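Reader: Hi! Could you walk me through this one?
Author: Happy to, here it comes.
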Amino acid sequence: LLCICGHSIKLARPRAASIRWSHFLNGPRRTLQYVEEAFRQIEKKKNIRDVVIVNELGHPVKSTMEFKSSVKFVGLFQELQGRIERGMEHIDPTDEFLMLRVRTKSDEVLLVPDSKITIIVVQNADK
């Protein structure tokens, strides 16, 4: 499987807390078809503004954003994710990073990492 930038990717099962993944957890292996279906299901949820699926190399493979915007966006959130993971190691080295949730007055960003893919969702904050 190749991403849009030409790198080979392998897909795995995402972990999530705030998005229901039950439809996907019992589904087929993580293929391009899986990514397309996950993307479609997330995108049609209420209040979703943007969705970006990132491969294990940190490259966006599917996005509602323009390519340059998604690359920049992913880079910023991966930097934040790395800092949080390093900070959490000091608190409990045996714990595992499952999700990053950032909320402002108007938006919320959910970052759900996995060993092979990361899903980033931008949604309108529900008031």
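Author: A word on terms: helices (H or I, at least four residues) and strands (E, at least two) are DSSP runs, numbered from the N terminus. This is a predicted model, where local features need pLDDT of at least 70, side-chain atom pairs count only at pLDDT 80 or more, and totals for chains, interfaces and linings use all residues. Residues are numbered from 1 along each chain as its sequence is written, and side-chain values use heavy atoms, with hydrogens and water left out.

Reader: Thanks! How many aromatic pairs are there?
Author: One aromatic pair, taking rings of Phe, Tyr and Trp (its six-membered ring) with centres within 6.5 Å; planes under 30 degrees apart are stacked, over 60 edge-to-face, the rest tilted. The ring centres of Phe73 and Phe77 are 4.9 Å apart and their planes stand at 45 degrees, so this pair is tilted.

Reader: Where do Phe73 and Phe77 lie?
Author: Both are in helix H3 (residues 67-91), four residues apart, about one turn of the helix. An α-helix has 3.6 residues a turn, so residues three or four places apart point the same way.

Reader: Are Phe73 and Phe77 buried or exposed?
Author: Phe73 and Phe77 are both buried (under 20% relative accessible area; exposed is over 50%, partly exposed in between, with a 1.4 Å probe and protein chains only).

Reader: New topic: which residues of H2 are buried?
Author: Tyr34, Val35, Ala38, Phe39, Gln41 and Ile42. Looking down the axis of H2, these fall within an arc of 165 degrees (from directions, helix axis to C-beta atoms), so they line one face of the helix.
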